Amino acid sequence: MRFTSLQRLDDGVVERAFTLGGIPGIVWTPASTSAPAPLILLGHPTLGLHTMYPRLAARARQAAADGFATATIELPGCGDRPRWPAVERARADLRRALRAGEPVTDEIADALVSPLVERSVPEWRAALDALLALPGIGGPVGYSGGVISLGIRLALAEPRISAAVLFAGSLVPRAVFEEARRVTVPLHVLLQWDDEGNDRQAALDLFDAFGSREKTLHATMGGHTGVPGFAADSAARFFVRHLR
């Protein structure tokens, strides 16, 4: 891990940009802690870290107020990383289906999401190795955000993840439903009820499929963006309960 910048935000949170094997990332740590801070990995959609930075930084600062360190990395084919022709073709197919008012097929969802998950999970695990070696950061570890299929696979593959907040609202290949049945960590799922880009019934079916003994679905009215503050607060309380 090589740090490329450091700044202290106005609330004292330390923000460090880094690269790891050519993959950009950001880690935020609280202003001061008496012990190593638990870590939350911040997932995000495929819009690139630069585009997502304001929302990621806001989530990081909220987590820091509760005593958590947070970190994120750029997804394959996004931001400044090399474009991925197969995924670009799947995105084009998705846009064509949406423009035509046609259903998004399982084939499109699989072509768009599955390669991303396959490549991303080893990268997130490598980042976790490096992050937990930093002074001031320790376990337990949580995962928060989307792409929801990535969160599911990471919760299965990475035993250091103790709890997860998952954001419904992204395409889910059918095979992911079977993976969801094997997820056992405590889950808190956020669902925007009127999300125009999300298959609400599929999100409900996915929640039902999760094998976790403790799982909570927090559904609020509204579209894809603008998750209300009280929903974000409920997710923050979930992590305080499970990672502190």
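Guide: What follows treats the nonpolar cores and then the salt bridges. The model is a predicted one, and side-chain atom pairs are counted only at pLDDT 80 or more.

The largest nonpolar core comprises 56 residues. Within that core, the residues with the most contacts are Leu39, Leu41, Leu131, Leu166 and Phe210. Its chief contributor is helix α3, spanning residues 106-132, which supplies eleven residues. In soluble globular proteins, nonpolar side chains tend to be buried together.

When its neighbours within four places in sequence are set aside, leucine 41 is in contact with Ala71, with Trp124, Leu128 and Leu131, and with Val141, Gly142, Tyr143, Ser144 and Leu154. Another core, of 22 residues, lies apart from the largest one; among its members are Leu42, Ala60, Ala64 and Phe238.

We turn now to the charged pairs. The structure contains 13 salt bridges. One of them joins aspartate 11 to arginine 61, with the closest N and O atoms 3.0 Å apart. Aspartate 11 sits in the loop between β1 (2-8) and β2 (14-20), whereas arginine 61 belongs to helix α1 (residues 49-65), so this pair ties together parts that are 50 residues apart in sequence. Aspartate 11 is partly exposed, at a relative accessible area of 38%, and arginine 61 is likewise partly exposed, at 28%.

Helix α3 also takes part in charged pairing. Glutamate 118 forms a salt bridge with arginine 153, in which the closest N and O atoms are 3.3 Å apart. Since glutamate 118 is in helix α3 and arginine 153 in helix α4 (residues 148-157), the pair ties together parts that are 35 residues apart in sequence.

A further salt bridge brings together the side chains of aspartate 129 and arginine 160, at 2.8 Å from N to O. Here aspartate 129 lies in helix α3 and arginine 160 in the loop between α4 and β7 (161-167), and the pair links distant parts of the chain, 31 residues apart. Both side chains belong to partly exposed residues: the relative accessibility is 45% for aspartate 129 and 30% for arginine 160. Aspartate 129 and arginine 160 are also members of a network of salt bridges that links them with Arg125 and Glu158.

Technical notes: Residues numbered from 1 in each chain as written. Predicted model: local features only at pLDDT ≥ 70, side-chain atom pairs only at ≥ 80, totals over all residues. Heavy atoms only, no water. Core = buried A, V, L, I, M, F, W, Y, C linked by side-chain atoms within 4.5 Å. Buried < 20%, exposed > 50% of the residue type's maximum accessible area, 1.4 Å probe, protein only. Helix = DSSP H or I, 4+ residues; strand = E, 2+ residues; numbered from the N terminus. Contact = heavy atoms within 4.5 Å. Salt bridge = Lys/Arg side-chain N within 4 Å of Asp/Glu carboxyl O.
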